[in-house]
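The structure consulted is shown below.

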Amino acid sequence: MDRGRKPKLALPWILDFYLILYNSLQAIGWIIVLSKISKRAIRDLSILVAYDEAGILICLVNSGFFMSLLQWAGRSHVLFCIICQIEEIEKTSFVFMVFTAWSLSEVIRYPQYVLYMLGACPTWLTWIRYTAFIPLYPVGILGEVVSMYMALPYIQRSNLYGNLFELLPFGYYSLTTVLIAIYPFLWMPLYMHMFKRRHNKLTNSSMTRKKTAIKKS
């Protein structure tokens with residue numbers, strides 16, 4: 001026995017059940033979101049109605065329990081504080097860009113995790129999960145940044161959230177401006193970290209396949 005390694009504790013079955021159920025429901029929710037905005041875009045030949053079609057549903061499924069705090073905070077701010085509050089932003093093509101990038105990411109991520117928990121995840125799905133973020137993440141970030149930038153005139157004109165900032169030396173307009181400026185510096189470390197995770201996950205997956213092949217031979 002290797003004394004240098006601590007034995008892994010098995011998760012209680014109730015926690016496994018919760019994780020599988022939670023991720024399954026999230027997968028279903030994001031599949032519905034992607035289906036709704038895609039069908040509406042194809043039917044109306046317009047990408048300006050993404051919020052009307054799926055905005056409320058995205059507010060419900062945009063849970064960040066298993067997402068990094070930074071990524072969750074960025075998404076939630078853009079969704080709840082910008083898109084949901086400014087009607088002019090809801091009708092832009094960048095909302096479609098954001099919603100599509102988010103939906104595609106989660107439609108891949110949640111099913112992969114469920115199948116992994118069940119011990120039935122195909123290697124190709126693991127590869128897709130840890131590869132799809134490469135184009136999808138920058139697309140989503142670009143849509144978020146442009147949505148905030150386009151919202152600035154409306155924030156300034158309406159003094160949005162002015163009552164919440166009245167005791168502070170700055171307003172929401174200034175806060176959003178600063179966020180736009182530092183957004184690349186906030187998400188780049190997370191993006192690089194995701195590449196490291198990709199390398200580790202795909203390397204481990206490859207090693208597992210090799211061990212399985214050796215045992216079968």
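Entry 1, charged pairs. I counted a salt bridge where a side-chain nitrogen of Lys or Arg lies within 4 Å of a carboxyl oxygen of Asp or Glu. The model I searched is a predicted one. I found that the side chains of Arg40 and Glu53 form such a salt bridge, at 2.5 Å from N to O. Because Arg40 belongs to helix 1 and Glu53 to helix 2 (residues 50–61), I note that the pair ties together parts 13 residues apart in sequence. My search of the whole structure gave seven salt bridges.

Entry 2, helix 1 and helix 5. I looked up how helix 1 (residues 13–44) packs with helix 5 (residues 93–117): the angle is about 150° and the axes are 8 Å apart. I recorded the crossing of helix 1 with helix 5 as left-handed. I then sorted the residues of this contact into 20 nonpolar, five polar and two charged.

I next took helix 3 (residues 69–83), whose axis comes within 13 Å of that of helix 5 and crosses it at roughly 145°. This crossing, too, I recorded as left-handed. On the helix 3 side I listed Arg75, Leu79 and Ile83; they meet Val95, Phe99, Trp102, Ser105 and Glu106 of helix 5. By class, I noted five nonpolar residues, one polar and two charged in the contact of helix 3 with helix 5.

I checked the span of helix 6 (residues 123–158): its 36 residues reach 51 Å from first C-alpha to last, close to the 52 Å expected. Where does a kink lie in helix 6? I located the kink, of about 40°, at Ile134, shortly before the proline Pro135. After helix 6 I found Asn159, with a positive phi near 50°.

Key
Residues numbered from 1 in each chain as written. Predicted model: local features only at pLDDT ≥ 70, side-chain atom pairs only at ≥ 80, totals over all residues. Heavy atoms only, no water. Axes fitted to C-alpha atoms, helices over the stretch in contact; angles between N-to-C directions. Helix = DSSP H or I, 4+ residues; strand = E, 2+ residues; numbered from the N terminus. Left-handed = near helix turned anticlockwise from the far one by under 90°. Nonpolar A, V, L, I, M, F, W, Y, C, P; charged D, E, K, R; others polar. Contact = heavy atoms within 4.5 Å. Expected span 1.5 Å × (residues − 1). Bend = angle between axes of the 7 residues up to and from the residue.
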